[in-house]
Amino acid sequence: MDNIRIIKTGINVSKILKQLKQYPEDWGAQKNIDGVGDLVDEWGFPAVQAGVLQLVMGAVKTADEYVGDSELCVPTPAIHHHTEIVAFLKRNFKKFSRCGFLSLPVGGEVGSHIDIGTYYLTRDRYHLAIQGVYEYTVGNETARVEPGTLLWFNNKLPHAAKNVGDCVRINFVFDVPHSKNNP
């Protein structure tokens, strides 16, 4: 496959998942969207179509700027709770920028989209699957992704996800500066 590259499988993500369960309030930015209030599913994750827990987020200087064209990256307070994923990033990549966890309920889908803006032109994007099984489609290629899988994908092409497992899918999405030495 040219647009999805499995870097490694079988990564032990249990400590990362344990920290996610230890700090469920970090998903709080997703509360009160479309009337879901403080509802959580049976695993303790937000009852929303696609929840987000950002550790480093994009920022802008003025309201008329587009975050996809901004190089600004701001750590959130949640980064201090999730030391296991930060340690993983530091062990495997020299630098990282925007990153966060995404949740997707059973049967949930993230529609096809492209990450646009100048920020993405100099970054490579990766997923680390934490929990659940999902199908990931990039361009005309689809991969089945299991927990503990690290993958790179071409986010300059249309990409989409579907949770095909029996529990909430959680993955960690992160950007690193483009380099020929990246995995």
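I began from the pairing criterion, by which two strands count as paired if DSSP finds at least two bridges between them. The model I am reading is a predicted one.

**Strand pairing around β2**

With that criterion in hand, I looked up the partners of β2 and found that β2 and strand β3, residues 73-75, pair in the antiparallel sense over three bridges. Within this pairing I noted that Gly58 stands opposite Cys73 in β3. I then turned to strand β4 (residues 99-104), which runs antiparallel to strand β2 (residues 51-58) and is joined to it by five bridges; here Leu53 stands opposite Phe101 in β4.

**The chain as a whole**

I listed the elements next, and the protein chain has three helices and 11 strands, which from the N terminus on follow the order β-α-β-β-α-β-β-α-β-β-β-β-β-β. Of the 183 residues in the protein chain, 47% are buried. I also looked up the contacts with a separation of 6 or more, and 74% of them are accounted for by residues 24 or more positions apart.

**Salt bridges**

I searched the whole structure for salt bridges and recorded five. As a reminder to myself, side chains of opposite charge can pair when their charged atoms come close.

I then followed Arg125, which forms a salt bridge with Asp115, the closest N and O atoms being 3.0 Å apart. Asp115 sits in the loop between β5 and α3 (118-121) and Arg125 in strand β6 (residues 123-131), so the pair ties together parts 10 residues apart in sequence.

The side chain of Arg125 also meets that of Asp175 in a salt bridge, at 2.6 Å from N to O. This second pair links distant parts of the chain, with Arg125 in strand β6 and Asp175 in strand β11 (residues 169-177), 50 residues apart. Arg125 counts as buried because its relative accessibility is 13%, where the cut-off for buried is under 20%, and Asp175 is buried with a relative accessible area of 0%. My last entry is that salt bridges with shared partners join Asp115, Arg125 and Asp175 into one network.

Methods:
Residues are numbered from 1 along each chain as its sequence is written. This is a predicted model: local features need pLDDT of at least 70, side-chain atom pairs count only at pLDDT 80 or more; totals for chains, interfaces and linings use all residues. Side-chain values use heavy atoms; hydrogens and water are left out. Helices (H or I, at least four residues) and strands (E, at least two) are DSSP runs, numbered from the N terminus. Buried means under 20% relative accessible area, exposed over 50%, partly exposed in between (1.4 Å probe, protein chains only). Contact means heavy atoms within 4.5 Å. A salt bridge is a side-chain nitrogen of Lys or Arg within 4 Å of a carboxyl oxygen of Asp or Glu.
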